[in-house]
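Have a look at the model first.

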Amino acid sequence: MAARHVTSPPRSRPRLTFANGQLRRPAALRFRLYRSSAAAAGPRRRRRRIVVSETERLSYVGKNFDGGAAKRNSLCRYFVGVLNKDSGQMEVYNAEIFNMQPLLSDTVIPDDAKDYQNKSFREKVDLCIEAFGTSKQKRALNSRRMNAVGNDVLNTAVTKAAANVIDAKGVTALIQDVAQDDVQNMSVFLPPCHEDADKPEHVYKFEDILSPAEFEALKGPAAAFINITPEEVTKKTEEKSHCSFVLEELKFLPVDEKSRDHKARCLWFLDILIKFSFLKVIKKKHPMGPECPHIISRKLMKNFTSLTYNNGSVQNLISASMKTKIAAYVIALALHINKFQIDLTILQNDMKLHESKMMDIAKAMRLKISKAKGLPGLENDQNHKLGTLSLPLPAQKTSGNQRKRKKMN
């Protein structure tokens with residue numbers, strides 16, 4: 001039977017919309033409508049209505065006045081039709097639209113309200129996710145809470161284990177173990193040290209720094225240093241095209257042809273090492289330019305870089321530990337160049353290292369440290385530190401960082 005549209009006296013009926021979703025089972029809900037009393041002052045107050053409803057989880061409230069009124073076009077009238085299934089007739093009423101908002105405060109008992117106010121913003125957001133979040137948000141919340149529990153358990157276990165170790169070994173023994181580990185870690189980045197050597201030049205053998213094939217490959221690029229003139233050295237100093245140590249040593253090249261050639265090759269490789277230490281990520285096949293021999297480029301990439309995976313590709317990186325290794329090899333080569341006594345401060349400035357870092361490396365290499373006093377050109381500079389390699393080698397000492405650690409304990 002077709003429904004017939006029948007007009008009715010001008011009575012109003014509420015039409016409800018829910019702010020946070022749609023009802024799945026509207027018949028399971030009960031609603032209450034509250035009207036203003038007839039004695040209320042003014043016609044506007046007498047037209048005020050409040051609709052409330054309660055579900056298993058939340059309470060909802062909607063009103064047709066103040067900020068709770070639903071937004072609608074004031075030039076339009078809204079109607080709602082009620083169909084009588086038995087008679088097939090529909091009664092039409094004026095519609096009042098209510099926007100039902102969840103009333104969170106009504107679901108919290110007074111004792112819990114204080115606890116809720118004391119919760120952090122993160123905890124309140126988590127409560128909202130539990131009530132209204134998507135499945136993905138709820139899974140992420142559960143994972144984060146499980147990780148937090150796991151971290152707490154781990155921290156408790158680590159703290160307990162550390163306390164047991166301290167009780168068993170004592171603080172002094174642990175500090176000694178840490179100092180020994182630091183020495184061993186540093187030795188990984190040092191050139192091979194021959195403690196039983198009978199001469200200083202055999203402590204750090206030249207062949208461990210440059211192999212015969214690598215030394216031979218330096219003949220071509222080092223030729224410019226062999227025949228360099230004092231005017232060219234002055235020009236290079238003004239241009240700062242090389243590090244200070246190299247520029248200073250170029251002023252005192254030996255007259256003997258063989259010794260001059262040997263020193264020139266060592267200076268060229270030392271200059272390349274220092275320049276190489278300033279790079280971060282190696283992106284070119286020949287990072288030091290085409291004039292650098294292939295065997296030297298391969299040595300730099302193999303011995304003084306570490307592999308890292310970034311953006312789907314493997315890259316060569318000069319990390320802090322690799323820079324320490326480069327500094328150690330620079331010191332060893334400089335010792336061979338300058339008769340096993342070098343100005344550590346000049347090398348430190350060339351490599352842009354902190355003095356404490358340079359001193360730690362020098363002490364790990366068993367050098368004797370002294371102030372540069374009374375040397376030509378340094379009489380007025382008391383801040384320079386000299387490193388000397390002499391026999392017998394001094395015993396290894398803990399670094400400044402380890403001494404600080406001991407004081408703190």
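This is a predicted model: local features need pLDDT of at least 70, side-chain atom pairs count only at pLDDT 80 or more; totals for chains, interfaces and linings use all residues.

Residues are numbered from 1 along each chain as its sequence is written, and side-chain values use heavy atoms, with hydrogens and water left out.

**α11 and α13**
- Helix α11 spans residues 257-277 and helix α13 residues 320-337; helices are DSSP runs of H or I, at least four residues, numbered from the N terminus.
- Their axes come within 10 Å and cross at roughly 160° (lines fitted to C-alpha atoms over the stretch in contact, with angles from 0 to 180 degrees between N-to-C directions).
- That makes α11 roughly antiparallel to α13 (angles over 145 degrees).
- The crossing of α11 and α13 is left-handed (the near helix is turned anticlockwise from the far one by less than a right angle).
- On the α11 side, the residues in contact (heavy atoms within 4.5 Å) include C266, F269 and L273, and on the α13 side they include I326, Y329 and L333.

**α14 and α15**
- Helix α14 (residues 344-351) and helix α15 (residues 355-364) have axes that come within 10 Å and cross at roughly 125°.
- The α14/α15 crossing is right-handed (clockwise instead).
- From α14, L344, L347 and Q348 meet E355, M358, M359 and A362 of α15.

Notes: Helices (H or I, at least four residues) and strands (E, at least two) are DSSP runs, numbered from the N terminus. Angles under 35 degrees count as roughly parallel, over 145 as roughly antiparallel, 65 to 115 as roughly perpendicular and the rest as oblique.
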